[in-house]
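Here is a structure to walk through step by step.

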Protein chains: 2
Amino acid sequence: MNIYDISKRAGVSIATVSRVLNNSPHVSQATRDRVMKVIEDSGYVPNAFARGLGLNSMQTIGLLCPDASDPYLAQALAFLERAFRSQGYDCLLTCTGKGTSARREGVEKLITRHVDGMVLMGSSFIESTGKGNDYIRQAAKQTPIVLLNGAFPCERVYGVLCDDRRATREAAEFLMDAGCRRILYLYDSKNESGRRKLAGYREALEGRGVDMAEELLVYFDGNKQDIARVREHLLALEGEGARFDAVLASEDSLAVGALKYARAAGRRVPEDVSIVGYNNSALCLYSEPELTSVDNKLRAICDRIVETMMGVLEGREMPQKTVFTAELVKRGSTRPV
Amino acid sequence: MNIYDISKRAGVSIATVSRVLNNSPHVSQATRDRVMKVIEDSGYVPNAFARGLGLNSMQTIGLLCPDASDPYLAQALAFLERAFRSQGYDCLLTCTGKGTSARREGVEKLITRHVDGMVLMGSSFIESTGKGNDYIRQAAKQTPIVLLNGAFPCERVYGVLCDDRRATREAAEFLMDAGCRRILYLYDSKNESGRRKLAGYREALEGRGVDMAEELLVYFDGNKQDIARVREHLLALEGEGARFDAVLASEDSLAVGALKYARAAGRRVPEDVSIVGYNNSALCLYSEPELTSVDNKLRAICDRIVETMMGVLEGREMPQKTVFTAELVKRGSTRPV
DNA sequence: CCGGGGCGTGTAAATGATTACATCGCGCAC
DNA sequence: GTGCGCGATGTAATCATTTACACGCCCCGG
């Protein structure tokens with residue numbers, strides 16, 4: 001059942017059928033009705049591949065996600081998919097994991113599939129060294145790319161993100177305002193966004209003339225579900241004599257791990273230790289007490305990503321970088337100032 | 001840059017180039033090498049749409065997900081995507097939300113896109129009334145469908161699930177073994193799987209001759225992120241005089257809500273109230289105490305879904321229904337027996 | 001010496017749309 | 001009355017592949 005069958009049954013040419021299907025104005029109402037009736041009666045479904053071949057597009061966006069099971073990225077996925085679909089685009093999901101080579105393969109596969117655009121979810125796609133990003137530069141020649149929580153100076157690569165540095169600085173300042181002096185910084189990523197946050201933390205302490213203790217800079221390299229390992233990590237640290245009255249985490253799940261540590265160590269939250277997370281994900285409300293966390297405006301970021309992508313696809317000029325302002329959401333895991 | 005350009009440069013016909021690209025055995029090694037070299041030098045990428053048109057497939061599976069931000073479904077998404085990709089298939093993600101019409105539209109859109117197969121994530125796709133499922137029957141004529149956590153008696157619709165009924169029964173029995181007598185059943189879905197679980201709960205109580213109090217059957221119709229609303233719900237219930245010494249939830253997030261209730265009501269977990277969740281999702285380890293929960297073998301289910309789909313696509317005969325055995329994972333939110 | 005069977009390769013016909021261009025007919029202005 | 005323009009429709013080229021079929025060629029057996 002193809003367009004020829006329909007054209008025969010309706011007594012018109014295939015061009016007319018095509019015009020009806022594409023809502024072209026150059027069809028009389030009578031003809032349109034007749035063709036529509038035949039289409040509905042026959043249960044005809046246009047062949048998407050042929051259409052794609054002719055238009056050189058199948059209205060598809062590639063979503064490259066490091067880990068779809070991460071609550072924060074999962075939320076982003078949901079926002080993006082919904083917004084793209086409302087614009088008539090479908091989303092091809094590729095979970096890449098952590099390795100650079102898997103990411104490159106993912107990007108290349110999507111190029112092969114001729115997606116109309118790609119979203120790289122997470123600044124971890126950007127390597128600190130220039131060479132490692134060549135595949136992104138190559139890909140950008142074929143299709144527009146938008147980065148979630150990142151930026152990359154390259155034509156046809158757009159970035160939408162929050163001012164993580166400032167947000168982290170303000171979070172640390174808030175803790176200091178509440179009387180904390182030894183703030184443990186717990187982070188799990190050394191990528192672009194991770195570096196921005198760390199810089200914000202340093203800036204805050206320097207600004208207040210607080211000594212930066214190296215042992216309070218804790219890098220945790222693990223899976224986000226390894227809550228228990230974070231607890232052990234902090235307990236071990238404490239065993240080594242490190243003392244702290246607050247934990248500032250670069251990710252909510254790490255903060256939940258810190259919460260677990262506090263309970264295991266018999267320290268009250270927020271009386272003995274204040275804890276601040278990052279992302280303001282669903283985890284914040286799940287935990288007890290509820291987590292103070294930096295809301296990095298994921299919804300706004302996702303909406304803007306879609307807006308940017310649509311603009312580019314429609315040939316409009318779009319800002320290469322869009323920055324939102326993150327906001328600290330205060331809950332029970334920190335003392336009031 | 002298309003296959004003609006390559007054929008000219010390599011001094012062969014397009015058929016030969018195509019054969020090289022598709023690893024056909026009917027090409028001499030010398031020719032293959034020569035063509036490959038030209039392809040690599042020119043950076044040629046075959047046109048996926050033309051290929052799709054010829055093969056009538058673009059190696060794509062449609063994933064219909066009610067909510068990608070739900071931790072359990074997000075995990076499933078990650079498992080499925082990974083497994084399908086390892087088989088050479090890409091995944092088109094469609095988040096449908098709760099409404100039936102959105103689901104029908106999602107399914108129809110994927111049919112339009114000519115996916116090779118579809119996975120419906122969650123038995124909520126199956127209506128209790130026959131008429132509401134017509135669109136699934138229609139879709140199954142075009143493409144194979146596999147259900148996650150569900151079954152549907154229709155040709156080319158396959159189901160992979162756990163024995164939710166038995167699992168729920170055993171969970172309730174475990175609570176009774178631990179001395180609980182008034183077990184509140186908290187559920188959020190009345191779909192196929194929801195009904196199976198509820199039946200299991202009833203079966204357990206009947207089996208032990210425990211009275212079934214209607215006020216202990218609590219349906220919570222809300223968003224999974226509405227933890228606080230579950231708390232209020234239970235507090236209100238208690239205000240009305242309902243008493244219970246255990247909560248059995250049909251979903252982990254509901255169990256977390258029950259945990260919140262217990263803290264708000266000043267009841268200790270598990271000493272005063274035991275709490276059991278369902279799905280054994282990441283939430284179980286995030287909460288305090290850690291949640292006892294039914295592990296419904298999501299990984300195994302997802303792997304089997306992919307296996308079933310691949311089998312069907314390769315023309316093999318596949319079981320219409322595959323059932324795994326769920327298992328209760330005991331943690332701190334319930335008293336030991 | 002001739003016929004048959006592979007193997008490697010080329011030719012050309014699908015695949016099923018979109019769309020530029022041609023055509024036709026009709027109404028209106030001059 | 002004639003010519004122009006426009007709206008509706010058809011014709012045919014185009015998109016970039018896959019693949020059935022044909023064609024040589026070489027080798028081997030009869």
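**A walk through the model**

Start with chain A, which splits into three pieces: domain 1 covers 3-46, domain 2 takes 59-162 plus 298-325, and domain 3 is 164-296. Keep in mind that what you see is a predicted model. Domain 1 and domain 3 of chain A have their C-alpha centres 62 Å apart. In terms of secondary structure, chain A has 13 helices and twelve strands. Its radius of gyration is 25 Å, while the globule rule gives 20 Å for 337 residues; that is well over the rule, so chain A is more spread out than a compact globule. Of the 337 residues in chain A, 48% count as buried. As for contacts in chain A with a separation of 6 or more, 73% of them link residues 24 or more positions apart.

Now bring in the other chain. Here, 38 residues of chain A are in contact with 37 residues of chain B. On the chain A side, the elements that each supply at least two residues are α4, α5 (71-86), β2 (90-95), α6 (100-112), α10 (227-239), α11 (252-265) and α12 (283-286). The largest share, seven residues, comes from α5(A). Sorted by type, the chain A side holds 23 nonpolar residues, eight polar ones and seven charged ones.

β2(A) and β2 of chain B (residues 90-95) run antiparallel and are joined by three bridges. A:L92 sits opposite B:L92, and A:L93 has B:C91 as its bridge partner. β2(B) also pairs with strand β1 of its own chain (residues 60-65), this time in the parallel sense and over six bridges. Within that pairing, B:G62 is the bridge partner of B:L92.

Is β2(B) enclosed or open? Six of its six residues are buried, so the strand is largely enclosed by the rest of the structure. Both faces are covered, with B:D90, B:L92 and B:T94 buried on one side and B:C91, B:L93 and B:C95 buried on the other.

Back in chain A, look for A:L110 in helix α6. Why does A:L110 count as buried? Because A:L110 has 24 C-beta neighbours inside 10 Å, and 20 or more is enough to be called buried. Leaving aside residues up to four places away in sequence, A:L110 touches A:G62, A:L92, A:T94, A:V115 and A:M118. Take A:T94 from that list: A:L110 and A:T94 are 16 residues apart in sequence, and their C-alpha atoms are 8.7 Å apart in space.

Finally, turn to the DNA. Which residues come closest to DNA strand C? Among the 26 residues that surround DNA strand C, the closest are A:N2, A:I3, A:S18, A:G54 and B:A15. Two or more residues of this surface come from each of α2 (14-21) and α4 (48-55) in chain A, and from α2 (14-21) and α4 (48-55) in chain B. The surface near DNA strand C is made up of 13 nonpolar, eleven polar and two charged residues.

DNA strand D has 26 residues around it, and A:A15, B:I3, B:S18, B:N47 and B:G54 come nearest. Here α2 and α4 of chain A, along with α2 and α4 of chain B, each give at least two residues. By type, the surface near DNA strand D counts 13 nonpolar, eleven polar and two charged residues.

Conventions
Residues numbered from 1 in each chain as written. Chains lettered and ligands numbered in written order. Predicted model: local features only at pLDDT ≥ 70, side-chain atom pairs only at ≥ 80, totals over all residues. Near = placed C-beta within 6 Å. Helix = DSSP H or I, 4+ residues; strand = E, 2+ residues; numbered from the N terminus. Nonpolar A, V, L, I, M, F, W, Y, C, P; charged D, E, K, R; others polar. Contact = placed C-beta atoms within 7 Å. Pairing = 2+ DSSP bridges. Domains from an automatic or database assignment. Buried ≥ 20, exposed ≤ 12 C-beta atoms within 10 Å, placed from the backbone. Rg over C-alpha atoms; globule rule 2.2 N^0.38 Å.
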